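User: I am new to this structure. Can you take me through some of its parts, starting with a pair of charged side chains?

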Amino acid sequence: MTEGPINVADFERAAAETLEAGVAGYFFGGAGDELTLGENVAAWGRWRLRPRFLAGHREWRTGVELLGGEVSMPILVAPVAYQGLVDPEGERGMARAARDAGTVMCLSTLATHRPRPVAEAAPRGRRWFQLYCFEDEAVTKAMIDEAVDCGYEAIVLTIDAPRGGNRERDRRTGFEIPEEIGVPSVEAALGSGRAVTIEETFDLMEAALSWDDLADLASECPVPILVKGVLTAEDAALAVEHGAGGVVVSNHGGRQLDRCLATAEALPEAVDAVEGRVPVLVDGGIRRGVDVAIALALGAVAVLVGRPALWGLAVGGEEGARQVLELLREELELALALCGCATPGELDRAHVQRAPAGSLYSAH
């Protein structure tokens, strides 16, 4: 009998039992009635794989090329704020877990550590930096400069948060980010000598970001800008036209606009609109290697996982986060083998179809 978690759901249950109720609500919760939160998971279950056999493969590889370098699997760590709330090492431990798993970690603007100490914690790891733009362009530039100087290979610009979502779980529990934690990356960019609260941080952000702003940012930034928060063909095309080096199909983990499209539903139209000009990635609701396989078949070059990696961090520190990533990689490798594919790049839309209406196994 196997001891310990054997899939992401096991880590999720263990994290729920480990974390204090307010902290658990912050990370587990979504916006409004949390319909999109649930749909993100359920929507992957409305696709079916079409396996092909007698492919003659003896070996299977999960590695892919991404922004000029190889990662061991098309499964990246999504930006998640305040990881220090679940583990003392926080983002530093997550960076080491991603490095050891051979993949990319994306650091949040709202991290409990600045980009430099995270980079120093895993110097051989690959890193991207998630960015919120600020009304003061000098603050935005300072944050980009620090990240680039520390070897972060891309900037992931979040566009779906002109205002914070309606997080009712936090309102019910009364949970607030402790003031003493602050937002170190913002404090450094401001030159502040004190902790800056999350409320102050959002007050400083630019709510009126436009496509022209993206074009300016992309033309000035020395590394690629990936646009995160795209849910429509229209915005996917506009992102490319305004200089984006990649598109991330995302609804902020169901934490911003409730009843918006689940990412599995939005992915195909975004891929079609981009027409292969830049890589398309996707996050939201991915809990199994077969979810990853479906995303790749629909045209994504990689996925990002946020909550699953965080649950691993909460349960077992950096080793727990690494275990989650390796679990997903192993499940993906098995899915590739059983679909008749030797590499992720062999998956395409011929390998997927919509689940039949009323299927016993359809997610609801």
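This is a predicted model: local features need pLDDT of at least 70, side-chain atom pairs count only at pLDDT 80 or more; totals for chains, interfaces and linings use all residues.

User: Is Glu-326 buried or exposed?

Analyst: Glu-326 forms a salt bridge with Arg-329, their closest N and O atoms being 3.0 Å apart. Buried means under 20% relative accessible area. Glu-326 has 15% relative accessibility, so it counts as buried.

User: Which parts does the salt bridge between Arg-126 and Glu-153 tie together?

Analyst: The closest N and O atoms of Arg-126 and Glu-153 are 2.7 Å apart. These residues are 27 apart in sequence, so the pair ties together strand S6 (residues 126-131) and the loop between helix H6 (137-149) and strand S7 (155-158).

User: How many salt bridges does a search of the whole structure find?

Analyst: A search of the whole structure gives a total of 23.

User: Why is helix H12 largely enclosed by the rest of the structure?

Analyst: Helices H3 (35-44), H11 (233-241) and H13 (289-297) are among the elements that cover its buried residues. Those buried residues include Leu-267 and Val-271. H12 is largely enclosed because, of its 12 residues, the number buried is nine.

Methods: Residues are numbered from 1 along each chain as its sequence is written. Side-chain values use heavy atoms; hydrogens and water are left out. Buried means under 20% relative accessible area, exposed over 50%, partly exposed in between (1.4 Å probe, protein chains only). Helices (H or I, at least four residues) and strands (E, at least two) are DSSP runs, numbered from the N terminus. Contact means heavy atoms within 4.5 Å. A salt bridge is a side-chain nitrogen of Lys or Arg within 4 Å of a carboxyl oxygen of Asp or Glu.
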